[in-house]
Amino acid sequence: MLNGQLGRGHQERSAAGVPDDRLDNFKLVNDNLGHHRGDDLLRLAAKVIRANCRSVDVAARYGGDEFLC
């Protein structure tokens, strides 16, 4: 998907970027409140990230506490 987005940006002569967002101290949430609360936090973060991406953007969870948009 990333290659496709970058290729489309090149064809359209538009800028492309890959913001990398992380949840600081996410491990503390899992350790202290449990994985179910950590999952709740991940869902909330995904919702906020999607709300701030354009409709043509792709938002994805890259790893444990990392998101790309």
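S2 and S3 form a hairpin, with two residues between them. Strands here, like helices, are DSSP runs numbered from the N terminus (helices are H or I, at least four residues; strands are E, at least two). S2 covers residues 60–63 and S3 covers residues 66–68. The two run antiparallel and are joined by three bridges. Strands pair if DSSP finds at least two bridges between them. Arg61 stands opposite Phe67 in S3.

This is a predicted model, in which local features need pLDDT of at least 70 and side-chain atom pairs count only at pLDDT 80 or more, while totals for chains, interfaces and linings use all residues. Residues are numbered from 1 along each chain as its sequence is written, and side-chain values use heavy atoms, with hydrogens and water left out.

**Overall layout**

The protein has three helices and three strands. From the N terminus, the order is α-β-α-α-β-β. Of its 69 residues, 19% count as buried. Buried means under 20% relative accessible area, exposed means over 50%, and partly exposed lies in between (1.4 Å probe, protein chains only). Among contacts with a separation of 6 or more, 44% link residues 24 or more positions apart. Contact means heavy atoms within 4.5 Å.

**The core**

The largest nonpolar core has eight residues: Phe26, Leu42, Ala45, Ala46, Ile49, Cys53, Phe67 and Cys69. Helix H3 (residues 35–51) gives the largest share, four residues. Such a core is a set of buried Ala, Val, Leu, Ile, Met, Phe, Trp, Tyr and Cys residues joined through side-chain atoms within 4.5 Å. In soluble globular proteins, nonpolar side chains tend to be buried together.

**H2 against H3**

The axes of H2 and H3 come within 6 Å and cross at roughly 145 degrees. Axes are lines fitted to C-alpha atoms, for helices over the stretch in contact, and angles run from 0 to 180 degrees between N-to-C directions. From H2, Phe26, Val29, Asn30 and Leu33 meet His35, His36, Arg37, Gly38, Leu41 and Leu42 in H3. By class, this contact has five nonpolar, four polar and one charged residues. Ala, Val, Leu, Ile, Met, Phe, Trp, Tyr, Cys and Pro count as nonpolar, Asp, Glu, Lys and Arg as charged, and the others, Gly among them, as polar.

| Residue | Relative accessible area | Class |
|---|---|---|
| Asn25 | 56% | exposed |
| Phe26 | 9% | buried |
| Asn30 | 15% | buried |
| Leu41 | 29% | partly exposed |

Asn25 lies in the loop between strand S1 (20–22) and H2. Its phi is near 60 degrees, a positive value in a residue other than glycine.

Phe26 lies in H2. Leaving out residues up to four places away in sequence, Phe26 touches Gly38, Leu41, Leu42, Gly64 and Asp65. Phe26 and Asp65 are 39 residues apart along the chain, yet their C-alpha atoms are separated by 6.6 Å.

Asn30 also lies in H2 (residues 26–33). Beyond its neighbours within four places, Asn30 is in contact with His35 and Gly38.

Leu41 lies in H3. With the neighbours within four places set aside, Leu41 is in contact with Leu23, Phe26 and Val29. Leu41 and Asn30 are eleven residues apart in sequence and 9.7 Å apart, C-alpha to C-alpha.
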